[in-house]
Amino acid sequence: MSKRKKAGDLLEAIAAGDPCSWSGLSKALGLEGMTVMDVRQIFRPADESEDVGVVEVINRERLAYLQTMYPPSADHHDRVSAAMAGDSHLQGVTGSLLVIDAPGWHEPQVAVCRDGLTWPVPPPGKTHLLLVENMENFLAIESTLAFLRTHCGWLVDSASTLVAFGSGNQAAKACHGGYYGQFDQVSCLFDVDEGGIRTYQSIRDNPLLPAGFPVRFLVPTDIQERLERSRWRLSEKQRVSLRGLILKHPELQNVIQAMYNLGKKLEQETYLEGL
């Protein structure tokens, strides 16, 4: 797909009021010779703290001119037609897979959704879903659950717990809400960083989940000390973004404030130390 078509697709999304990536827009138009200042004379992000969101149009005449210069790609309505148009990544995969495991299982299994809507019923007796972001912690299922019991106040019976590999932001895929909603509650063991919190937010706001469906972000009770020891530092841009997250997630105020004050983040693989 040409650079012009990529810019055209973003302009079409903006004109329709659909969310798009602000950095992606700046990069695409930058490749066409426009400076950041040029872009900001025509557009501005509705929320400066979020890269993906609604982009406001300041100068609609300039938008209309750009749309004539950079038309959208050929029509694509699914992954196959997008591939025929030159870039399969313009459309998501129709369905999805979730790798699942539970204490006592000989090996993990796979929950398959082929049409983006229909999921299998969870295994009998599994009423609580635990999403684990990183592979190391998912593979060490017994150690991970032991850590939750000793450091996160985890009181859920292992017999009723199903563990799913979150694979980063993949856990927030919209169609996954059809599987998550079959449980009584979903708990998220994610990295303590901006990405982990935003993935949790996307899951909590999944339109396929019933209103008020319980989604919980798990944090160790000694998170302050763990952040102090962490070698992972936040950039100034990341610290600024955290300010907005405090307002959106009062339930995570203590951990977000600690991240902001210390300028640190934490990867969940560290939870396996000494276990």
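A: A salt bridge is a side-chain nitrogen of Lys or Arg within 4 Å of a carboxyl oxygen of Asp or Glu. The model here is predicted, so local features need pLDDT of at least 70 and side-chain atom pairs count only at pLDDT 80 or more, while totals for chains, interfaces and linings use all residues. Residues are numbered from 1 along each chain as its sequence is written, and side-chain values use heavy atoms, with hydrogens and water left out.

Q: How many salt bridges does this rule give?
A: The count is 6. One of them joins the side chains of Arg226 and Asp222, at 2.8 Å from N to O. Salt bridges with shared partners also connect Arg204, Asp205 and Glu251 in one network.

Q: Are Arg226 and Asp222 buried or partly exposed?
A: Buried means under 20% relative accessible area, exposed means over 50%, and partly exposed lies in between (1.4 Å probe, protein chains only). Arg226 has a relative accessible area of 11% and is buried. Asp222, with 21%, is partly exposed. The relative accessible area of Arg204 is 31%, which is partly exposed, and Asp205 is also partly exposed, at 45%.

Q: Which residues of helix 7 are buried, and on what side do they lie?
A: An α-helix has 3.6 residues a turn, so residues three or four places apart point the same way. In helix 7 (residues 141-151), the buried residues are Ile141, Thr144, Leu145, Phe147 and Leu148. These residues are on the same side of helix 7 because they cover an arc of only 155° around the axis, the arc being that of the directions from the helix axis to the C-beta atoms.

Q: What covers the buried residues of helix 7?
A: Contact means heavy atoms within 4.5 Å. The cover includes strand 5 (96-101), strand 7 (128-132), helix 6 (135-139), strand 8 (161-165), strand 9 (185-189) and helix 10 (223-229). After helix 7 comes Gly153, with a positive phi near 65°.

Q: What do the buried residues of helix 11 pack against?
A: Helix 11 (residues 236-248) has Arg239, Ser241, Leu242, Leu245 and Ile246 as its buried residues. They pack against helix 9 and helix 12. Thr199 belongs to helix 9 (residues 194-204) and is buried at 5% relative accessibility. Not counting residues up to four places away in sequence, Thr199 touches Gly168, Asn169, Ala171, Ala172 and Phe190.

Q: Where is Leu266, and which residues is it in contact with?
A: Leu266 is in the segment after helix 12 (253-262), and it is buried, with a relative accessible area of 5%. Apart from neighbours within four places in sequence, Leu266 is in contact with Asp191, Val192, Ile223, Arg226, Leu227, Ser230 and Tyr271. Leu266 and Asp191 are 75 residues apart along the chain, and their C-alpha atoms are separated by 6.0 Å.

Q: How many disulfides are there?
A: A disulfide is a covalent bond between the sulfur atoms of two cysteines. The rule used here is a pair of cysteine sulfur atoms within 2.5 Å, and the count is 0. Cys188 is in no disulfide, and the nearest cysteine sulfur, that of Cys152, is 12 Å away. Cys188 is buried at 0% relative accessibility, and Cys20 is buried at 5%.

Terms used. Helix = DSSP H or I, 4+ residues; strand = E, 2+ residues; numbered from the N terminus.
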